[in-house]
Amino acid sequence: MDSQRRVEIHIPSIAGGEKVAMERAAEVAREMGFPDDRVEDLKTAVAEACINAMEHGNRMDASNKVGVTLTVKGGDLQVDVRDQGKGIGEVATPDIDEKMAGKEKPRGWGIFLIKNLMDEVQFGSAPEGGNLVRMIIHLDR
């Protein structure tokens, strides 16, 4: 595989669309030589990021796409997930103890999973508008 390579896909904001991005990310990671457990981590994080983009950014409007860019840089795989939303505000880390005690709604686990499964994660605004989640997973971890 080349030392740098980009793959870009666009999926509609409909339930199940995240599976396309998840499987394509897994293919690239396997080509890079990631072990199966790390590929599974990546699949979970990509699916969660796509679902968040569909639900919170694009408000499940099927005419709004979620863009996913996979960039291989040496032994790193960077995954950018973009929506066309107006902004989701501050991204808070859920309070796990409160959720386990039933004091918080059971939603919000996606961000927790993304942050804990990937090596680097950034949340922000995409230059072309909308929201951006950048996730990086290192082959040599």
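Predicted model: local features only at pLDDT ≥ 70, side-chain atom pairs only at ≥ 80, totals over all residues.
Before I describe how the strands are joined, let me say that two strands are taken to pair if DSSP finds at least two bridges between them.

Let me begin with the overall layout. The protein chain holds 4 helices and 5 strands, and if we read along the sequence, the elements follow the pattern β-α-α-β-β-α-α-β-β. Of the 141 residues in the chain, 43% count as buried, and the accessible surface comes to about 7700 Å², with 49% of that belonging to carbon and sulfur atoms. Among the contacts with a separation of 6 or more, 62% are between residues 24 or more positions apart.

Now to the sheet. The 5 strands form an open sheet, in the order β1-β2-β3-β5-β4, and the pairing is antiparallel. Because β1 and β4, the latter covering residues 120-125, each have a single partner strand, they stand at the edges, and one side of each is left without a neighbour in the sheet. On average, neighbouring strands of this sheet are turned by 15 degrees against each other, with direction ignored.

Let me stay with β2 for a moment, as several details meet there. On one side, 9 bridges join β1 to β2, and these two strands run antiparallel; one of the pairs is Ile9 with its bridge partner Val68 in β2. On the side of β3, Gly67 has Arg82 as its bridge partner, while Val72 stands opposite Leu77. The hairpin of β2 and β3 has 2 residues between the strands, and in this hairpin Gly74 takes a positive phi near 60 degrees. As for cover, β2 is mostly covered, with 7 of its 9 residues buried.

Which helix lies across the strands β1, β2, β3 and β5? That helix is α2, and it runs at about 180 degrees to β5.

This brings me to the interior. In soluble globular proteins, nonpolar side chains tend to be buried together. Here, the largest nonpolar core has 31 residues, and those with the most contacts inside it are Leu42, Cys50, Val68, Leu77, Val79, Val81 and Met135. The elements that each supply at least two residues of this core include β1, α1, β2, β3, α4 and β5, as well as α2, and α2 gives the most, with 8 residues.

The side chain of Asn131 is joined to the side chain of Asp83 by a polar contact of 2.9 Å.

Technical notes: Residues numbered from 1 in each chain as written. Heavy atoms only, no water. Core = buried A, V, L, I, M, F, W, Y, C linked by side-chain atoms within 4.5 Å. Buried < 20%, exposed > 50% of the residue type's maximum accessible area, 1.4 Å probe, protein only. Contact = heavy atoms within 4.5 Å. Areas by Shrake-Rupley, 256 points an atom, 1.4 Å probe, with all protein chains shown as cover. Polar contact = N/O pair within 3.5 Å; in protein donor to acceptor, adjacent residues only side chain to side chain. Axes fitted to C-alpha atoms, helices over the stretch in contact; angles between N-to-C directions.
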